Amino acid sequence: MAISYEFYEPESPVEFVLLQSLSDQKQRLLNQLLNALGSPAEVLTFANRMSREAFYRLDAHAVRNAGSISTARPVDVDDHRMLEKAVTGSTQLASISQAVQAMAMARYAAIDEELVDSDTGVTAKVEHALGHQASFADTDVAAACQMAPRTASSKMSNSIDACTKTPGLLAAAVEGSVPYWKVSLVASELVSASPETSRRVEQHLLDTKGFDSWGYLKVKSAARALVTQWEEEAAKKTRQKEAKEATGVWVRPSDIPGMAELCAVGPADQIARIYGAVDQLADQRAKNPTASEGSEAGESKPTLGQLRLGALHDLVTQGADVSYQVAIQVPVVREEREEQAAAAATKRATDDPEHQPEASPDDGSPPPGQSATSPRGPNTTDQPTNTPSASGASGASGPESGSTARKSDHCYTTGWARIAGIGFIRPEVLDALIEQFGCRLTRALVDADTGVTCEISTTAYEPTSRMREFVQQRDQTCRFPMCTRAAIRCDIDHVVEWPQGPTAVQNLAALCRHHHDAKTKKHWDYDTSDDGVCTWTSRTGRTYITYPDSVHDAS
């Protein structure tokens, strides 16, 4: 445990002078260091380094358990207090860092292009007053900080509000007297408030005794009550904006394989009616169970949750024309790797007269829909001949029944299928999908080594439906860094603008409308490789790489 030092009341004038000289010397050294660190970025880099050093010192003195043998040592009050100070100090440092981030984000958003010469169209970057937000500034922050686009956009807007509507609270956060989360929370309640109302609310909260001890709900309700008292219309607009952003229905894969989650947020009366209808239908199903719900002998009764899900399914899908596209993953070996393997086999045969090269399992003709240069099917010596189909896939015995397309580090198995936006499903589910919804099966050729979909061009501007499906299957989401918008809801963008760039899958990528606009308006540039690897370059020269979806990532 590190030794802690504390200054006590000096007992003599000599001791006082000595302690004062030590303190002054440390302060002078700190001031010299701060003067040497010119820019805010350099100061933050130094603080980052000091934080790492603090962690390593705490880690070096940590008491660890080795196996089942527990080791411990006694500690005194000073040791305990030192750790307490480390906790509170790091908490305060994190809060101050958030305040610094808010100011940096607000100023970054204020930098925009401004026309310098109307005759030549020359523009220059200009920093506007706080409150201005340049188009696509949030995309820069999202990529640089590895944030989801929606998170970056929300965080930037809140930072601008914190700097413009609550500067006093922001200054208090920098001084360490108010945690930044309170500043952010109050600023979010003042989005639609006038400058005068914002100033009154902020000053009222700063003058209120005990504000430093308030929790989340009390800060939020107090700020909202003050806005309502002084500017009711602004509070109403804030509530409407908050409700609009929260309303929706979302789906995401579950942590349990083969399952998914459905979430709905909306007005309480709508949610109550939906839930009431589901609960009533579930009660009817419980009284009159069907064979599929466990009424057969030996089968356990369904849970209330299962009954409600079945009721919701019937209630939503009844009378609706629902169709799914299910992609069967078929591993392949690229031709160039096969040619390399064949060349190696020929060399071995030349070196060893007794060795006879193996006959090619392929007749040389590409599968339907492929050119002679497209990836060919897997070697039949390593892959079963019965490729999954509408009936064959559903009859498979699961992931264990497949085999690798070639001897590689990845043991990819056939049979499982993927629904866009949902994830992988078990083979036995395919029959039910085909019977109930008439889902359409498509084949997706997957590189056996990388797991990336690999496979057409046209002279027209618009990609064909098959090319569009291929790009959606390959990318799965928008190809901008950190964006998770499903590819089926994205634009298909020409990386190199048509007609300079061809309408070919190697020159196409899925981009959501926001990031498509950012690329079209030259705020971002990117290029792609034949394997679908995208390299993005920001307006400040930073580069980011995104990779196409790989089935190995989900295995």
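A nonpolar core is a set of buried Ala, Val, Leu, Ile, Met, Phe, Trp, Tyr and Cys residues joined through side-chain atoms within 4.5 Å. In this predicted model, the largest such core has 38 residues, and those with the most contacts inside it are Tyr180, Val183, Val186, Leu205 and Phe211. A second, separate core holds 24 residues, among them Met467, Val471, Val495 and Tyr526.

**Confidence and surface**

- The mean pLDDT of the chain is 74, with 63% of the residues reaching 70 or more.
- Confidence is highest in helix H7, at a mean of 94, and lowest in strand S9, residues 457–458, where the mean is 48.
- Over residues 1–5 the pLDDT is below 50, and this stretch has 11 contacts in the model beyond near neighbours in sequence.
- Residues 355–414 likewise stay under 50 in pLDDT, while the model gives them 100 contacts beyond four places in sequence.
- The chain exposes about 34,200 Å², of which carbon and sulfur atoms supply 54%.

- Two or more residues of the 38-residue core come from each of helix H3 (77–110), helix H4 (137–145), helix H5 (149–165), helix H6 (167–175), helix H7 (180–189), helix H8 (195–207), helix H9 (216–230) and helix H10 (232–246).
- Val186, once its neighbours within four places in sequence are left aside, is in contact with Thr166, Leu169, Leu205, Val219 and Ala223.
- In soluble globular proteins, nonpolar side chains tend to be buried together.
- Ala234 lies in helix H10 and has a relative accessible area of 2%, so it counts as buried under the 20% cut-off.
- The contacts of Ala234, not counting residues up to four places away in sequence, are with Ser192, Ala193 and Val227.
- Ala234 and Leu190 are 44 residues apart in sequence, yet their C-alpha atoms are 7.8 Å apart in space.

**Helix H16 and its cover**

- Helix H16 spans residues 513–520, and His515, His516, Ala518 and Lys519 are buried in it.
- Seen down the axis of H16, these buried residues fall within an arc of 160°, and they therefore line one face of the helix.
- The cover over the buried residues of H16 includes H4, H5, strand S10 (491–494), strand S12 (508–511) and strand S13 (525–528).
- H16 is followed by Lys522, a residue in the loop between H16 and S13.
- Lys522 has a positive phi of about 65° although it is not a glycine, and its relative accessible area of 60% is why it counts as exposed.

**Strands and their pairing**

- Strand S10 is covered on both faces, with Asp491 and Asp493 buried on one side and Ile492 and His494 buried on the other.
- In a regular strand the side chains alternate between the two faces of the sheet.
- S10 and S12 run antiparallel and are joined by four bridges, with His494 standing opposite Leu508 in S12.
- Strand S3 (residues 248–253) and strand S4 (residues 260–265) also run antiparallel, and six bridges join them, Val249 having Ala264 of S4 as its bridge partner.
- S3 and S4 form a hairpin with six residues between them, and Gly258 in the turn has a positive phi of about 80°.

- Phe136 is placed in the loop between strand S2 (122–127) and H4, and its phi is near 70°, a positive value in a residue other than glycine.
- Phe136 is buried, with a relative accessible area of 10%.
- Tyr544 is found in strand S15, residues 543–546, and counts as buried because its relative accessibility is 16%, under the 20% cut-off.
- Not counting residues up to four places away in sequence, Tyr544 touches Ala143, Ala144, Pro481, Trp524, Cys534, Thr535, Trp536 and Ser538.
- The C-alpha atoms of Tyr544 and Phe480 are separated by 8.9 Å, although the two residues are 64 residues apart along the chain.

Note on methods:
Residues are numbered from 1 along each chain as its sequence is written. Side-chain values use heavy atoms; hydrogens and water are left out. Buried means under 20% relative accessible area, exposed over 50%, partly exposed in between (1.4 Å probe, protein chains only). Contact means heavy atoms within 4.5 Å. The arc is that of the directions from the helix axis to the C-beta atoms. Two strands pair if DSSP finds at least two bridges between them. pLDDT is the predictor's confidence in each residue, from 0 to 100. Accessible areas come from the Shrake-Rupley method with a 1.4 Å probe; for residues, only the protein chains shown count as cover.
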